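Here is a short report to read alongside the structure. Please keep the sequence open as you go.

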Amino acid sequence: MSTIDRGWHGSWSAVRAPQSSLITTHGVGRSGIMKAPARSSGRPGTGLRAGTGYPRGVMAGIQDRLVPLLLLVAVLGTAGLYLDAEHRIAGRWGFSLDDSWIYATMARNLATGRGFAFNPGEPVAGATGPLYTFVLALFDLLFHEIVWSAKLFGLACLLGASIAIHRAVRTLVPERPGVALVAGCLLGTAPALVWGALSGMEISFYLLLVCLGIEAHARGRHALATLYWSAGVWVRPDGLFLVALALALGPPRELWKRALIAAPILLGFFAFNHVIGGHWVPQTVAAKAHFGVQLGTRTLNLFREWGALWGIPYRSMDDLEEPVLLLALLGIGAASLARRRPLLALYAIGFPIALSLFQEHSGSHKRYILYVIPFGITLAAVGLGVVSDRLGPSLGRRALVMVGAICIAWQLVYARREAEIHGWNVQNINEMQCALGAFARGITRPGDRIGANDIGGIGYYSERPVVDLMGLITPPEPFPRMLGRYKPELLIIFVDWFHDYALWDPDSRGFVFLDPDSTHKYMIVGAVELRHNTICSKDQMLVFRRLAVDAPAPERLLMEVR
């Protein structure tokens, strides 16, 4: 009779095997019998790690405590590429999406007692993630600063998500701790997720809640997973799909518990939006989402964009964000967990299909479907564990190191290119929307309204009430009716979007817009044109000022940037 030590996760207590059993080294033999660990340099039966004098369980504990530090280095190292490019190209810190400034504006108003509103005193459910708005408002209240607060919070969430995925994979593949480390590093260095962490959007906050739920789900704590995922709906309303899967696929005998957890959180979310904005969901969602079953267009397009995340491009502009090898491992992992944890695969593959019922595309940087990445990485890690086991101890370890190195190196190479794009994105938003917002503040008086089709940076830097011509925070109406109702002092717009209402004025050699009653006109007083546009819908944005219909044209532009 012999005592067997458990390698990486503590020691086996009084595990006895018949002397006639097949005992090999470390793991499970082909016959299904537990293998004994490799011989240590200590006394027989002591379970000491060779060359250390420490028990194997102690060494495993030390290694586990080092994982957060390793993941911190991975996250900050990759983020450094993006921050360096942002500083070098943009010249000043900012956000790579104009929508981030919508959050910043609403957070500032909330922190200064002006309500949950984009325009002070005008409550509106104009933020996709109400909970994220409250978080940013807290930062603004404490630090009177929003850009670095949002970036650091995003990076902290990405680090927490990486640690959660490491723990989830450690639970699902306990005999391969290296697989869990690879999974955590892959998530922490994923270019799309690092961009999301620095974008100022709700992406990383929701990612953290998703990954905490994945960890709880992997451990069989389905009620806790439902709690995390239900809270996530306050950050991303499309999280309802994940909550539905949690309710439907968890243990039937605990359905009442999961429903009891989810119901008040979801009802509170719907009630909040209805009270604030008159809709059951945020107004930004109501304006952009349109239900429809279009398998040949919407669904196919979103599924193709999903494939591009995993190395299968279908357009010349698509990049191989991950090696297709990861997709193959994802399939193996999905098959392996089909009975134990079907939710992981159903979300990873089914979410773009569900989203296609309401959206035509995945948004800039595929930001609407980025949340499949932690599910895909988890499944791929399980698949890598399966392949490693099939190859045997020695060859399996080599395969693990090789695959992990290839995938992480692939991401880092891709991240360098994406960092440059991020830098130009920030430069574009700073030089167009933010600069025009500051310009508008200088030529208007407090209380003057500004009509705009991009409201984030313009609203934040102008500190003036904004009429949203696209209907995200303002009830949508035809363009002429908005001019007649709100009489904005300025229009800051992409002229191409409103060309049906634009008139050419030969005297000023520029475009003119008229009020519905033709008593006032809007004439150009400023312009910005981007030389290298990577994110804005148009290269040129113009500023028009409201004048009496018989007023002479301005002699010169008050602002012109090229």
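## A nonpolar surface patch

In this predicted model, Leu66, Leu69, Leu70, Leu72, Val73 and Leu76 form a nonpolar surface patch with about 530 Å² of accessible area together. Accessible areas come from the Shrake-Rupley method with a 1.4 Å probe, with only the protein chains shown counting as cover for residues. Patch residues have over 30% relative accessible area and no salt bridge; like charges are joined within 9 Å, and nonpolar side chains (Val, Leu, Ile, Met, Phe, Trp, Tyr) within 5 Å.

Leu69 sits in helix 1 (residues 56-90). Helices are DSSP runs of H or I with at least four residues, numbered from the N terminus.

## Salt bridges

The structure has 16 salt bridges (a side-chain nitrogen of Lys or Arg within 4 Å of a carboxyl oxygen of Asp or Glu).

## Helix 5 beside helix 16

The axes of helix 5 (residues 177-189) and helix 16 (residues 393-443) come within 10 Å and cross at roughly 5 degrees. The two helices are therefore roughly parallel (angles under 35 degrees).

## Notes on the model

Local features need pLDDT of at least 70 and side-chain atom pairs pLDDT 80 or more, while totals for chains, interfaces and linings use all residues. Residues are numbered from 1 along each chain as its sequence is written, and side-chain values use heavy atoms, leaving out hydrogens and water.

Note on methods:
Axes fitted to C-alpha atoms, helices over the stretch in contact; angles between N-to-C directions. Parallel < 35°, antiparallel > 145°, perpendicular 65-115°, else oblique.
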